[in-house]
Amino acid sequence: MRDPFLPAPLPLVRASLPLANALHLRTLPLHVHEILPAFCIYTFLGRVVSPLLSPRLFPAVYPRLPARTRHNWDVHVVSLLQSVVINGLTLWLLYADGDRRRMDWRARVWGYSGATGMVQGFAAGYFLWDVLVSAADPGLFGWGVVVHAGSALAVSLLGFRPFVNYYGLNFVLYELSTPFLNINWFLDKVGMTGSWAQLVNGVVLITTFGCSRLLWGTYQTVNLYRDVWRAMQTPAELPVPRWLALAYLASNTVLSVLNVYWFGRMVRTVRARFRKPDGRESKKGGTGE
């Protein structure tokens, strides 16, 4: 399926060719016009739109937050909006792109789709923003977030060789749980900790996280390993450099390990929201940190 977005401007394609050639990312110039605008839009949302609108929409909450918490709020706004957009694009493409359903293992490893490249371009723009924001203050966001953002960016960019471009779209569905993760964070900040709204959101969050990241993610990871291994064991086909296979699989494995770790933390956190120290359910809300 072709890229349904506007074609890349020729000057931008030419400007990106030296970087694309140096990194052996042959299809990157075709999507640089999606990566850069996505990065700029997310930067604008986090630095301008959220600080401007949040005090008006939440006048009793946002202005009273400490400066670092307001920054964290702005980052969650960007994450929420990005996850809704990227999930919508991915689900639409999985439904609309009939070519994907006809791909064999060769196409899944070496094939390229302009529409899939578009989604990966938008995702790469976000993860580039995410890397820079989280690495600037790992004390606030945690090193796990920095590693996650870096691994996700690496996986997105390697799809532009192209290499396992097919699976890049499947792994974007990790983001299905992200809207509910952000909503849970916002509910804490607006004084709705322990509320029924947070309980319902928490159940949906754990369900979508477990299904999209653990079940779906593990299934796709097994399929990915199988296809890459078959490509490496078939001399007549295009060779898969060992470093490339290791780099992609290592990045994907890091994401999988972090998902398991975060799922355990998430379950404990959600349970703690609704239990007092003596084990009874909590009925009072709180703002959190």
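**Close-up views of a predicted model**

**View 1. The largest pocket.** The largest pocket of this predicted model has a volume of about 1,300 Å³. It is lined by 41 residues. H76, F141, V145, L181 and W185 lie nearest the pocket centre.

**View 2. Helices that line the largest pocket.** Several helices give two or more residues to the lining. They are helix 3, helix 6 (114-136), helix 7 (138-141), helix 8 (143-158), helix 10 (178-189), helix 11 (196-232) and helix 12 (242-273). Helix 12 supplies the largest share, 8 residues.

View 3. Nonpolar residues number 19 in the lining of the largest pocket. Another 14 lining residues are polar, and 8 are charged.

**View 4. Helix 3 crossing helix 9.** Two packed helices are described by the angle between their axes and the distance between the axes. Here helix 3 spans residues 67-96 and helix 9 spans residues 165-172. Their axes come within 9 Å and cross at roughly 130°. Helix 3 is therefore oblique to helix 9. The crossing of helix 3 past helix 9 is left-handed.

**View 5. Residues at the contact of helix 3 with helix 9.** From helix 3, the contact is made by I86, N87, T90, L93 and L94. Helix 9 contributes L169, N170 and V172. Of the contact residues, 5 are nonpolar and 3 are polar. No charged residue takes part in this contact of helix 3 with helix 9.

Note on methods. Residues numbered from 1 in each chain as written. Predicted model: local features only at pLDDT ≥ 70, side-chain atom pairs only at ≥ 80, totals over all residues. Heavy atoms only, no water. Axes fitted to C-alpha atoms, helices over the stretch in contact; angles between N-to-C directions. Helix = DSSP H or I, 4+ residues; strand = E, 2+ residues; numbered from the N terminus. Parallel < 35°, antiparallel > 145°, perpendicular 65-115°, else oblique. Left-handed = near helix turned anticlockwise from the far one by under 90°. Contact = heavy atoms within 4.5 Å. Nonpolar A, V, L, I, M, F, W, Y, C, P; charged D, E, K, R; others polar. 1 Å grid on protein atoms, 1.4 Å probe; cavity = no way out; pocket = protein on both sides within 12 Å on 5 of 7 lines; lining within 4 Å. Points joined across faces, edges and corners; volume = space filled by probe spheres on them.
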